Amino acid sequence: MTNDELKIELTTLFPTMQIEEGGEWLNGFIEPLELLSVIHELKNNINLKFDYLFCLTCVDFKSHLTMVYHLSSTTFHHSVVIKSKLDIANPQIETLSNLYRTAEFHEREVYEMFGVNFLNHPDLRLLILPDGWEGKNPMRKDFEDPINMIKL
Amino acid sequence: MFIKNYISEIVQAIKSLLKGMKMTGYYFTHHKEIITEQYPDNRNTLQLAERFRGEVIMPHDENNEHACTGCTACELACPNGTIKIITKHDITPEGKKKKAIDAFIYHLELCTMCNLCIEACPTDAIKMSNAFEHSVYNRRDLTKILNQPNSKIREGIE
Amino acid sequence: MIQEIGKTEQGDLIINMGPQHPATHGVLHLRVTLNGETIVKVEPHLGYIHRSIEKMCESLNYRQFIYSTSRMDYLSAHINNHACAMCVEKGLQVEIPPRAQYIRIIMDELTRLASHLLWWGAMAMDIGAFTPFFHSFRERETITDIMEETCGARLTMNYMVPGGVMVDIHPNFQKRVIDFIAQYKSKIHEYHELVTGNTIFINRMKGVGIISKEDAISFGCSGPVARATGLSCDVRKIFPYEIYDQLEFDEILETAGDSLARYTVRMKEMDQSIKIIEQLIHNIPEGEFQAKTKAVLKLPKGEFYTRAETARGEFGVYIVSEGGMTPYRIKFRSPGFSNLSALDHMARGAKIGDLIAMMGTLDLVIPDIDR
Amino acid sequence: MLSLENIVQQFNQWLSEHFSATTVLWIQLTAVVLFAITLFALLGLALVLMERKVAAYMQIRLGPNRVGPKGMFQTVADTVKLVFKESLTPDGADKFLFNLAPFIVMIAAMLVLAPIAFAKGIQIWDINIGVLYITSVSSIAVIGILMAGWSSGNKYSLLGAMRSGAQIVSYELSAGLSIISIVILTGSLSVQDIINSQQNGWWIFKGHIPIIISFVIFIIAITAETNRAPFDMAEAESELTAGFHTEYSGMKFALFFLAEYINIFIGCALAVTLFLGGWMPFHIGTWAAFNHIMDYIPSSIWFFGKTIVLIFGLMWFRWTFPRLRIDQLLNLEWKYLLPISMVNLLVVTLMAILGWHF
């Protein structure tokens, strides 16, 4: 499906979704609370079949965090980007690990790097950071580590 | 039927094992195929690729002159802060002030041989050398000053 | 977590495989729960060589950050650099000269070959055969020599730059690649004699670490791991980049989804890489090897994503640009990370020896997982 | 002719002429102990070097070539290094058993040397149940391995030891059955008798196909019993780091290492004794001249030569094949080797009763 057809399909399915064009793929902005229902529909809709979550990440825009989900379909080979803005003070969002099992690892990475709390995640522990890590989340823009700075 | 399968299975298995043994046996008897390079012994005959990136050097000609203008393009291009250029102001015979390098400091211990500084250099003052035996006993020895003492910039390079 | 070694409540034995273990190829740490020799659970613990390359890249400009991606999946260094360069080019909207495209693809395929050759040796070593390692390194050495001659480095080349390649190919390049193809063709049958046909090997691999197509999709597997399940996911075919759409090669698909299928896919992929190189090496077009770009690259505000097929699977680069000289946020989607997440699912109920075979055929490169 | 047999006899004669019977016994015992230890050390050094060279050539590399001419003294240098290395005992280990284990493995290997005939008339102890003695004493080694694995307090060691136990116990069966097929044909358990019965031809030639089958099974079984690849389950360095000797270092590790090679030597020596005529020279039927030339080669060279050839075979296996999985290893024994050797034993028995062999 081309981007234009996708846009029509998405606007009919999700009237609340704000769709942004311009890039290679469509960007759909949704509220964090809608995430699970939207993605569930995207995955199971017979015309869309977005069954392959190939990238899950988070971007820190200082005022807010944005969760970015890159979805593609292994049958139709079309892709879409779903984004959701999170509150920076208390970021939390529903987990996708029930729909895509790869999300389990990626969400653990985002959890420790950005401090996003994934609700109903089966095993939300530190994955990369050492056990007993205290302090800020390293990938946030305000993270500073004066101790391990390399000096010349 | 069962017995036949059982036996043919064993025969096939043994055949496949013998095939592998034939190959290792071939290499055991054919010592010409040995590819070991006896490194420290063959140092004199060692052929390194001419483009091999070992470390950054600054070639000087016979008049102890180099081509570095001190423009710091390499310093900006380096992703690791490997290069540090300290400039001074020379006074030319005509009495004009001219910028020149005082010290071209190169931290080999930080260098990843990415070649970006060489690409950035507008005057081809630095290049990569083939030297690869960099081990020293003291880490400080890896910090090098590339311009030779009392060296000057070559005439005509701006 | 690491402290509570010993036994579980059910009396199962917990062993820590790694971070220093011969079969984990680096510093992967697997916390394996065992019932006798049978695996109950595998929990990967990562981060032993996490360098936070994504964070580092936020302070490097668009020319500089590419070198650091060689240090992620160091066996596919060219392809990682290629993906990054393509992503920057997408942002700059630069046309790359055809000569650069040809060189890039030849280099990519040589890298893939080198990576698969190393995998072949290391996988054989994991399951107890030592000799294949040295035999595969003989061929890999030829490739690294070719790389050294043209790129100046053997492993972390930093050869792809935005706009093309850093330097033109060495005059000997074509001849040496053609020689290598001949060498490869004369030696590959030995690989099959030594390992592929071996009955012990087949028994070790067949039916081990099965993953279904549905699970492969769900786990986000890519590369040979996914293609072994029958999932068509070769980025070179589905989302062709550079001139891959003009080339003739097959996407190798197997259906069994076990370790043997993954092995077969990789072995056949090597032949396909040779086929691709053969199509290109004789007719590299003359011309520029690098498009003209500005000295300081600035990407327009926006988001750019490119994917490339590395030896391990789909590698993605996601750049968020705010219009400055450096990326605002960069994310590398590494194939190993997703493939590793399927390990627990594959390994349950298998033996310790099987776990080693699975890790061998997943072809994990730890810096790629840890980034 | 100056042969080892004459030297030993003359030495014995000289001893009994000059000393009392008790002193002679003591001197003989000392000589035997010295002989055993020297043989041990020499074999260990030579076999380790041989293994490394064989491996190197199969892997298209040179192998050790720095210490001494062509790297001949590499193993000597390694031994010196191992002797001076600190022997660590882990805190969590059962210290007594941990330190005892290498010696048990070593002593078991040493004891087995006793009934082996190294050359014509050179045998430390001509016991009349020699073959039975070898099989029974060599299985003591598994106790040492289990001890090492258990007392290390390391889970990898424990797994390795348990694997080793299961493996050696299983493969003992088919090794035993292969030995019995020869015992049936010769009617004796004595090593001397078995070798003498091959005066007119080695069993592998005289015994038709059934004996060839038992020979192959026996070789597979000794590969498994000595824990060598493709059956190196107990060590399996890519799975269990180093198996039962993970925690050992220095000379204690060297003892395990040495014992492994001595066990290989003993296994191959036994195979040579049973199937390849021990120290008997190679004879072809009625070719008198050829046979006469063969007789000129000293019997000790015949024995060691044949053993080295078999050892080379084991090394060839090791550097060619991948490792089996533990359940496949036991399947191979219980589903293939054991049934085959049982049927084979029946055939051999029939053959012996009907006198079909030469």
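These legends go with several close-up views of a predicted model.

**View 1. Chain C as a whole.**
Let's start with the overall build: chain C contains 15 helices and nine strands. Its C-alpha atoms fill a box of roughly 65 × 50 × 35 Å along the principal axes. A compact globule of 371 residues would have a radius of gyration near 21 Å, and chain C has 21 Å, so the two agree. Of the 371 residues in chain C, 58% are buried. Among contacts in chain C with a separation of 6 or more, 71% join residues 24 or more positions apart.

**View 2. Helix 5 and helix 6 of chain C, side by side.**
Here helix 5 (residues 131–151) of chain C packs against helix 6 (residues 173–196) of chain C at an angle of about 170°, and their axes are 10 Å apart. Because angles over 145 degrees count as roughly antiparallel, helix 5 of chain C is roughly antiparallel to helix 6 of chain C. Look for Thr131(C), His135(C) and Ile146(C), which are among the residues that helix 5 of chain C brings to the contact. From helix 6 of chain C, the residues there include Phe173(C), Tyr184(C) and Leu194(C). Sorted by class, this contact has nine nonpolar, five polar and five charged residues.

**View 3. Where chain D meets chain C.**
In this view, 22 residues of chain D are in contact with 27 residues of chain C. On the chain D side, the elements giving two or more residues are helix 7 (155–186), helix 11 (237–240) and helix 15 (326–354). That side of chain D divides into ten nonpolar, five polar and seven charged residues.

**View 4. Met113(B), a residue with positive phi.**
Find the loop between strand 4 (97–107) and helix 3 (116–120) of chain B, and you will find Met113(B). Although Met113(B) is not a glycine, it has a positive phi of about 55°. Is Met113(B) buried or exposed? Met113(B) is buried, because 21 other C-beta atoms lie within 10 Å and the cut-off for buried is 20 or more.

**View 5. Glu242(C), another positive phi.**
Glu242(C) sits in the loop between helix 10 (235–238) and helix 11 (259–281) of chain C. Phi of Glu242(C) is near 50°, a positive value in a residue other than glycine. With 19 C-beta neighbours inside 10 Å, Glu242(C) counts as partly exposed.

**View 6. Trp133(A) and Val68(A).**
Trp133(A) belongs to the segment after strand 7 (117–119) of chain A. Trp133(A) is partly exposed, with 13 other C-beta atoms within 10 Å. Trp133(A) and Val68(A) are 65 residues apart along the chain, and their C-alpha atoms are separated by 25 Å.

How values were computed: Residues numbered from 1 in each chain as written. Chains lettered and ligands numbered in written order. Predicted model: local features only at pLDDT ≥ 70, side-chain atom pairs only at ≥ 80, totals over all residues. Helix = DSSP H or I, 4+ residues; strand = E, 2+ residues; numbered from the N terminus. Rg over C-alpha atoms; globule rule 2.2 N^0.38 Å. Buried ≥ 20, exposed ≤ 12 C-beta atoms within 10 Å, placed from the backbone. Contact = placed C-beta atoms within 7 Å. Nonpolar A, V, L, I, M, F, W, Y, C, P; charged D, E, K, R; others polar. Axes fitted to C-alpha atoms, helices over the stretch in contact; angles between N-to-C directions. Parallel < 35°, antiparallel > 145°, perpendicular 65-115°, else oblique.
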